[in-house]
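Please open the model in your viewer and keep the selection panel at hand. The stops below say what to select and what to look for.

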Amino acid sequence: MMSHDEPLLDALRSMWDAADPSPPDLATRALFRLALEDLDVEVMALQAELSGAGARGPELASTIIFESQSLALTIMISAAGRSRRRLDGWITPSAALVVRLHAAGGILEETADDDGRFAFADVAEGVVHLTVEPTGGAALHLARQVATPPITI
Amino acid sequence: MTAHAADGSGGPRSVTVDSRSIWSDAATSFTAWRDDDDAAALERLVRRLTPCLWHIVRAYGLSRPQAEDVVQTTWLALMHKAATINDPQAVGKWISTVARREAWRVSSDARRETELEPATAEAHTGAVPDTAAQVVLQDAERRLWEHVGELPERCRRLLRVIAFDDRPDYASLSTQLGLPVGAIGPTRGRCLAKLRHRLDADPRWSDR
């Protein structure tokens with residue numbers, strides 16, 4: 001590459017970096033996704049993403065639906081105070097499965113009720129992913145862990 | 001010379017892409033991860049190269065969600081095919097080639113789908129700053145953006161790939177840009193010359 005062009009190419013790089021920046025969490029989400037590759041998990045596909053007025057306040061809530069061969073997972077994300085989120089979810093077909101929320105700060109665990117409903121009432125915003133765990137006694141038998149791709153909440 | 005003006009003014013913004021050492025660092029990180037099981041090295045590699053891949057992929061006129069998917073697909077490909085990479089020194093080139101090939105595939109599919117909707121296609125070429133990203137451009141950046149926007153699409157694409165890629169191989173660029181291999185070098189020169197010409201003719205640019 002001719003060094004003569006470098007100052008102009010530098011200016012172009014700065015310009016594109018400012019005008020059309022890479023999403024700040026893209027690398028983090030890619031790393032989450034890569035970490036899942038190492039494990040024996042079934043990764044869910046994003047089926048739909050809907051936004052609407054939240055029932056809990058003026059802030060927008062969004063609903064995300066994931067699907068895999070074994071189950072579907074619907075998650076509603078709403079605001080729960082400054083930089084905090086509430087996640088309400090349900091599993092179809094309904095089953096009392098253990099659900100884990102993996103965040104930068106650690107892993108939270110809840111068990112869905114018999115209708116497949118669960119909630120994480122107070123979670124820090126950021127990149128997270130959920131796993132549904134094989135659970136003894138649940139109405140749905142899972143052969144292995146089912147995981148969502150990472151999402152930013 | 002125009003390029004000096006571009007270099008100095010407006011105060012340096014923190015640039016997420018440092019093109020100089022990025023590709024040689026990539027080789028070091030890749031080897032540490034693949035051959036020495038250093039998980040932190042993979043993280044360094046992904047964090048360092050992802051912004052670069054973003055720009056290369058966006059040069060192909062993909063929407064932001066499409067570009068995100070292509071970047072993720074590229075990293076998955078690296079993970080699955082790491083063992084087959086014979087020359088770790090060339091891993092940067094391997095990664096960017098996969099990204100460009102995948103971006104080209106997705107953009108070709110998208111073009112077929114939107115052929116009847118030129119307005120949609122235009123929205124994806126990055127011809128206007130992405131308002132969704134809520135960017136605030138400094139004066140110099142906005143002027144440069146406007147001038148680049150006036151260049152033919154082929155130039156915009158080629159310059160963005162060249163700015164962020166590590167010596168992209170001309171064979172694949174040739175297919176992707178619809179140019180003979182021998183024409184890439186001269187086209188690159190002509191595109192940069194066109195841009196310089198526009199900048200030199202812009203008093204707001206030259207005065208600074």
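This is a predicted model: local features need pLDDT of at least 70, side-chain atom pairs count only at pLDDT 80 or more; totals for chains, interfaces and linings use all residues.

**Stop 1: chain B, overall**

Select chain B and switch to a cartoon view. Its secondary structure consists of eleven helices and zero strands, so the order of elements from the N terminus is α-α-α-α-α-α-α-α-α-α-α. Colour the chain by accessibility next: 50% of its 208 residues count as buried. Of the contacts in chain B with a separation of 6 or more, 68% are between residues 24 or more positions apart.

**Stop 2: Ala67 in chain B**

Now select helix H4 of chain B, residues 64–81, and find Ala67(B) in it. Is Ala67(B) buried or exposed? The relative accessibility of Ala67(B) is 0%, and the cut-off for buried is under 20%, so Ala67(B) counts as buried.

Leaving out residues up to four places away in sequence, Ala67(B) touches Trp54(B), Val57(B), Arg58(B) and Leu62(B). For a distance check, pick the C-alpha atoms of Ala67(B) and Leu53(B): these are 9.0 Å apart in space, while the two residues are 14 apart in sequence.

**Stop 3: helices H7 and H10 in chain B**

Two packed helices are described by the angle between their axes and the distance between the axes. Select H7(B), residues 139–150, together with H10(B), residues 181–200. Their axes come within 10 Å and cross at roughly 130°. H7(B) and H10(B) are therefore oblique to each other, and their crossing is right-handed.

Which residues make the contact? On the H7(B) side they are Leu144(B), His147(B), Val148(B) and Glu150(B). H10(B) supplies Leu195(B), Arg198(B) and Leu199(B). Coloured by class, the contact of H7(B) with H10(B) shows four nonpolar, one polar and two charged residues.

**Stop 4: a hairpin in chain A**

Move to chain A and select strand S4(A), residues 72–79. S4(A) is mostly covered, with six of its eight residues buried.

Finish at the turn. Four residues lie between the strands of the hairpin formed by S4(A) and S5(A). In this hairpin, select Gly81(A), which takes a positive phi near 100°.

Note on methods
Residues are numbered from 1 along each chain as its sequence is written. Chains are lettered from A and ligands numbered from 1 in the order in which they are written. Side-chain values use heavy atoms; hydrogens and water are left out. Buried means under 20% relative accessible area, exposed over 50%, partly exposed in between (1.4 Å probe, protein chains only). Helices (H or I, at least four residues) and strands (E, at least two) are DSSP runs, numbered from the N terminus. Two strands pair if DSSP finds at least two bridges between them. Axes are lines fitted to C-alpha atoms, for helices over the stretch in contact, and angles run from 0 to 180 degrees between N-to-C directions. Angles under 35 degrees count as roughly parallel, over 145 as roughly antiparallel, 65 to 115 as roughly perpendicular and the rest as oblique. A crossing is left-handed if the near helix is turned anticlockwise from the far one by less than a right angle, and right-handed if clockwise. Contact means heavy atoms within 4.5 Å. Ala, Val, Leu, Ile, Met, Phe, Trp, Tyr, Cys and Pro count as nonpolar, Asp, Glu, Lys and Arg as charged, and the others, Gly among them, as polar.
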